[in-house]
Amino acid sequence: MAPHPIIQAIIDFLAGAAGGTACVLSGQPFDTTKVKMQTFPTMYRGFIHCFISTFRQAGLRGLYKGTTPALIANISENAVLFLSYGLCQDAIRFVSRMEKGADLSDIQKASAGSLASIFSSMVGAARWLCG
(Lines give C-alpha, C1' and ligand atoms only; values in the text may rest on other atoms or scores of the structure.)
Protein backbone atom coordinates (compact mmCIF):
# COMPACT_ATOMS: atom_id res chain seq x y z
CA MET A 1 0.00 0.00 0.00
CA ALA A 2 1.38 3.36 -1.03
CA PRO A 3 1.77 6.01 1.65
CA HIS A 4 -0.50 9.03 1.81
CA PRO A 5 0.52 11.62 -0.83
CA ILE A 6 1.60 14.14 1.80
CA ILE A 7 3.70 11.49 3.57
CA GLN A 8 5.25 10.54 0.21
CA ALA A 9 6.03 14.21 -0.51
CA ILE A 10 7.74 14.55 2.88
CA ILE A 11 9.72 11.35 2.24
CA ASP A 12 10.81 12.64 -1.20
CA PHE A 13 11.78 16.03 0.24
CA LEU A 14 13.81 14.49 3.07
CA ALA A 15 15.48 12.04 0.70
CA GLY A 16 16.58 14.95 -1.48
CA ALA A 17 17.88 16.84 1.56
CA ALA A 18 19.82 13.77 2.71
CA GLY A 19 21.23 13.29 -0.79
CA GLY A 20 22.30 16.93 -1.01
CA THR A 21 23.98 16.68 2.40
CA ALA A 22 25.82 13.49 1.47
CA CYS A 23 26.97 15.01 -1.81
CA VAL A 24 28.47 18.07 -0.13
CA LEU A 25 30.03 16.24 2.80
CA SER A 26 31.70 13.69 0.53
CA GLY A 27 32.87 16.16 -2.11
CA GLN A 28 33.75 19.33 -0.18
CA PRO A 29 37.38 18.41 0.60
CA PHE A 30 37.98 17.79 -3.11
CA ASP A 31 36.28 21.05 -4.08
CA THR A 32 38.34 22.98 -1.51
CA THR A 33 41.52 21.43 -2.88
CA LYS A 34 40.52 22.22 -6.47
CA VAL A 35 39.78 25.85 -5.62
CA LYS A 36 43.09 26.24 -3.79
CA MET A 37 44.93 24.83 -6.79
CA GLN A 38 43.10 27.24 -9.11
CA THR A 39 43.76 30.19 -6.82
CA PHE A 40 47.44 29.40 -6.21
CA PRO A 41 48.56 27.46 -9.31
CA THR A 42 52.30 27.62 -8.56
CA MET A 43 52.07 26.83 -4.85
CA TYR A 44 51.32 23.10 -5.18
CA ARG A 45 52.91 20.30 -7.18
CA GLY A 46 49.59 18.55 -7.70
CA PHE A 47 46.28 17.56 -6.19
CA ILE A 48 47.68 15.17 -3.56
CA HIS A 49 50.30 17.71 -2.46
CA CYS A 50 47.64 20.41 -2.10
CA PHE A 51 45.28 18.08 -0.23
CA ILE A 52 47.95 16.92 2.23
CA SER A 53 49.35 20.43 2.71
CA THR A 54 45.89 21.80 3.48
CA PHE A 55 45.21 18.97 5.92
CA ARG A 56 48.55 19.50 7.70
CA GLN A 57 48.09 23.28 7.94
CA ALA A 58 44.40 23.52 8.86
CA GLY A 59 43.27 19.98 9.63
CA LEU A 60 39.93 18.55 8.66
CA ARG A 61 38.30 21.92 9.30
CA GLY A 62 40.47 23.47 6.56
CA LEU A 63 39.27 20.93 4.01
CA TYR A 64 35.65 21.76 4.84
CA LYS A 65 35.92 25.55 4.50
CA GLY A 66 32.95 26.96 2.65
CA THR A 67 30.71 24.02 3.47
CA THR A 68 27.75 26.04 4.75
CA PRO A 69 26.88 27.81 1.47
CA ALA A 70 27.36 24.57 -0.44
CA LEU A 71 25.08 22.74 2.01
CA ILE A 72 22.38 25.38 1.72
CA ALA A 73 22.51 25.29 -2.08
CA ASN A 74 22.62 21.51 -2.50
CA ILE A 75 20.08 20.68 0.19
CA SER A 76 17.54 23.15 -1.17
CA GLU A 77 18.01 22.19 -4.82
CA ASN A 78 18.00 18.43 -4.24
CA ALA A 79 15.08 18.54 -1.82
CA VAL A 80 12.99 20.46 -4.36
CA LEU A 81 14.17 18.20 -7.19
CA PHE A 82 13.18 14.98 -5.39
CA LEU A 83 9.86 16.45 -4.22
CA SER A 84 8.93 17.83 -7.62
CA TYR A 85 10.02 14.64 -9.43
CA GLY A 86 7.44 12.62 -7.50
CA LEU A 87 4.78 15.24 -8.15
CA CYS A 88 5.73 15.47 -11.84
CA GLN A 89 5.44 11.69 -12.16
CA ASP A 90 1.89 12.00 -10.80
CA ALA A 91 1.20 14.80 -13.29
CA ILE A 92 2.47 12.66 -16.18
CA ARG A 93 0.21 9.81 -15.04
CA PHE A 94 -2.74 12.21 -14.88
CA VAL A 95 -2.07 13.65 -18.34
CA SER A 96 -1.56 10.13 -19.75
CA ARG A 97 -4.76 8.94 -18.02
CA MET A 98 -2.89 6.21 -16.13
CA GLU A 99 -3.77 4.74 -12.76
CA LYS A 100 -2.05 6.12 -9.67
CA GLY A 101 1.13 4.17 -9.04
CA ALA A 102 1.28 2.72 -12.57
CA ASP A 103 4.77 2.24 -13.96
CA LEU A 104 5.91 4.97 -16.32
CA SER A 105 7.81 4.35 -19.54
CA ASP A 106 11.36 5.64 -19.87
CA ILE A 107 10.16 8.60 -21.94
CA GLN A 108 7.55 9.45 -19.32
CA LYS A 109 10.17 9.25 -16.54
CA ALA A 110 12.46 11.49 -18.57
CA SER A 111 9.61 13.95 -19.05
CA ALA A 112 8.91 13.97 -15.31
CA GLY A 113 12.61 14.52 -14.62
CA SER A 114 12.77 17.37 -17.11
CA LEU A 115 9.77 19.06 -15.53
CA ALA A 116 11.21 18.55 -12.04
CA SER A 117 14.50 20.13 -13.08
CA ILE A 118 12.64 23.34 -13.92
CA PHE A 119 11.53 23.65 -10.29
CA SER A 120 14.97 22.76 -8.99
CA SER A 121 16.61 25.37 -11.21
CA MET A 122 14.16 27.98 -9.89
CA VAL A 123 15.62 27.39 -6.42
CA GLY A 124 19.09 28.09 -7.80
CA ALA A 125 17.87 31.17 -9.66
CA ALA A 126 16.09 32.49 -6.57
CA ARG A 127 19.24 31.96 -4.53
CA TRP A 128 21.28 33.80 -7.16
CA LEU A 129 18.80 36.71 -7.35
CA CYS A 130 18.61 37.08 -3.57
CA GLY A 131 22.24 37.33 -3.06
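**View 1. The salt bridges of the model.** The structure holds two salt bridges, a salt bridge being a side-chain nitrogen of Lys or Arg within 4 Å of a carboxyl oxygen of Asp or Glu. What you see is a predicted model, in which local features need pLDDT of at least 70, side-chain atom pairs count only at pLDDT 80 or more, and totals for chains, interfaces and linings use all residues. Residues are numbered from 1 along each chain as its sequence is written, and side-chain values use heavy atoms, with hydrogens and water left out.

**View 2. Lys-34 and Asp-31 on helix 1.** Here Lys-34 forms a salt bridge with Asp-31, and the closest N and O atoms are 3.3 Å apart. Because the two are three residues apart in helix 1, about one helical turn separates Lys-34 from Asp-31. Helices are DSSP runs (H or I, at least four residues), numbered from the N terminus. Lys-34 counts as partly exposed at 39% relative accessibility, and Asp-31 counts as partly exposed at 34%. For these labels, buried means under 20% relative accessible area, exposed means over 50%, and partly exposed lies in between (1.4 Å probe, protein chains only).

**View 3. Arg-93 and Asp-90 on helix 3.** In this close-up the side chains of Arg-93 and Asp-90 meet in a salt bridge, at 3.1 Å from N to O. Both residues belong to helix 3 and sit three residues apart, about one turn of the helix. A handy reminder: an α-helix has 3.6 residues a turn, so residues three or four places apart point the same way. Arg-93 is buried, with a relative accessible area of 11%, whereas Asp-90 is partly exposed at 42%.

**View 4. The surroundings of Arg-93.** Stay with Arg-93 and look past its sequence neighbours within four places: Arg-93 is in contact with Met-98, Glu-99, Lys-100, Gly-101, Ala-102 and Leu-104. Contact means heavy atoms within 4.5 Å. The C-alpha atoms of Arg-93 and Gln-108 are separated by 8.5 Å, with the two residues 15 apart along the chain. Just after helix 3, Arg-97 takes a positive phi of about 55°.

**View 5. Helix 3 and its cover.** Helix 3 has 29 residues and reaches 41 Å from its first C-alpha to its last, close to the 42 Å expected at 1.5 Å a residue; the expected span is 1.5 Å times one less than the number of residues. Its buried residues include Thr-67, Ala-73, Asn-78, Cys-88 and Ile-92. Among the elements that cover the buried residues of helix 3 are helix 1 and helix 4 (106-130).

**View 6. Ser-84 within helix 3.** Ser-84 has its place in helix 3 (residues 67-95) and is buried, with a relative accessible area of 7%. A polar atom of the Ser-84 side chain lies 2.7 Å from the backbone oxygen of Val-80. Not counting residues up to four places away in sequence, Ser-84 touches Ala-116 and Phe-119.

View 7. Ile-6, Ile-7, Ile-10, Ile-11, Phe-13 and Leu-14 make a nonpolar surface patch of about 560 Å². Nonpolar patches are made of residues with over 30% relative accessible area and no salt bridge, with nonpolar side chains (Val, Leu, Ile, Met, Phe, Trp, Tyr) joined within 5 Å. Accessible areas come from the Shrake-Rupley method with a 1.4 Å probe. Phe-13 has its place in helix 1 (residues 5-39) and is partly exposed, with a relative accessible area of 37%.

Note on methods: A polar contact is a pair of N or O atoms within 3.5 Å; within protein, one must be able to donate a hydrogen and the other to accept it, and residues adjacent in sequence count only if both atoms are side-chain atoms. Patches are made of residues with over 30% relative accessible area and no salt bridge: like charges are joined within 9 Å, nonpolar side chains (Val, Leu, Ile, Met, Phe, Trp, Tyr) within 5 Å.
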